[in-house]
Amino acid sequence: MNEKPSLVIPGISDPAKLACIARARKFKQYRKYVEDALAGRCTICSLDQSNTRFVEVPRVNAMRVWYCNPPEKFTRLHFLMSPVRHITDTRQLSVEERRAFWEVMEYLPNKFSFNFRGILIRDGDATQSAGTIEHLHIHIMVPDGTGRVESPFCKTPEEEAAGVARAIIFEKLRTGTMVAELPGNEYELVKDRLE
């Protein structure tokens, strides 16, 4: 019987939290998600003001908008928008938050000169929507025209397993293993995700 390896992070036992953390694309993200989970913080609620490039949207207080880091490949612009208030589902949006959403959707194309975009809303149960953070957030992506833009809404079991395998290596690195100590097959899984 082949048992799939699972991500073990001392101090975090919630399977949903572990599933979300395992989807971190980069090691820096992974460390931040673990740090926040261990401290009992929501990563979006506690955005680091000094490391986040926010977009100030006039007259909007109920939503925050910032540049996604890292952006999806082949995007000219990739923003994230979320309610300031911690919620996980669009059905929980207040009237003010709904109004703010539409004001942002009007403001961004005018401010940044684009007339097309793709929108992905991580809504509801993050473990079912390929989410990394259990807070309602909206991706607004403007392709650069040089390649296919993909932002998964749901991942295959194989993709989820690959994410867990990467996260297991990230956890080794987070807890003291040096990159040079990784076996070749493990290094190959994370080499382009270490910055």
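So, reading along the sequence, the chain goes α-α-β-β-α-β-β-α-α, with helices (H or I, at least four residues) and strands (E, at least two) taken as DSSP runs and numbered from the N terminus. That's five helices and four strands.

Before I go on: this is a predicted model, where local features need pLDDT of at least 70, side-chain atom pairs count only at pLDDT 80 or more, and totals for chains, interfaces and linings use all residues. Residues are numbered from 1 along each chain as its sequence is written, and side-chain values use heavy atoms, with hydrogens and water left out.

Overall shape next. The radius of gyration is 18 Å, close to the 16 Å from the globule rule for 195 residues, so the chain is as compact as a globular protein of that length. That radius is taken over C-alpha atoms, and the rule is 2.2 Å times the number of residues to the power 0.38. As for burial, 42% of the 195 residues count as buried, meaning under 20% relative accessible area with a 1.4 Å probe, protein chains only.

Now, helix α2. How far apart are its end C-alpha atoms? They're 18 Å apart, and that agrees with the 18 Å that 13 residues, 27-39, should span at 1.5 Å a residue; the expected span is 1.5 Å times one less than the number of residues. Its buried residues are F27, Q29, Y30, Y33, V34, D36 and A37. What covers them includes α1 (15-21) and α4 (157-174). Just after the helix, G40 takes a positive phi of about 75°.

On to the largest nonpolar core, which has 25 residues. By core I mean a set of buried Ala, Val, Leu, Ile, Met, Phe, Trp, Tyr and Cys residues joined through side-chain atoms within 4.5 Å. Touching the most other members are L7, I9, I12, I21, Y30 and V34. Helices α1, α2 and α4 each supply at least two of its residues, and the largest share, five residues, comes from α2. Apart from this core lies another, of 22 residues, with V57, M63, F79 and M81 among them.

Take I9: leaving aside neighbours within four places in sequence, I9 is in contact (heavy atoms within 4.5 Å) with L18, I21, Y30, V34, E171 and R174.

Last stop, K26, in the loop between α1 and α2. Is K26 buried or exposed? Buried, with a relative accessible area of 18%. Not counting residues up to four places away in sequence, K26 touches P70, F170, D192, R193 and E195.

How values were computed: Buried < 20%, exposed > 50% of the residue type's maximum accessible area, 1.4 Å probe, protein only.
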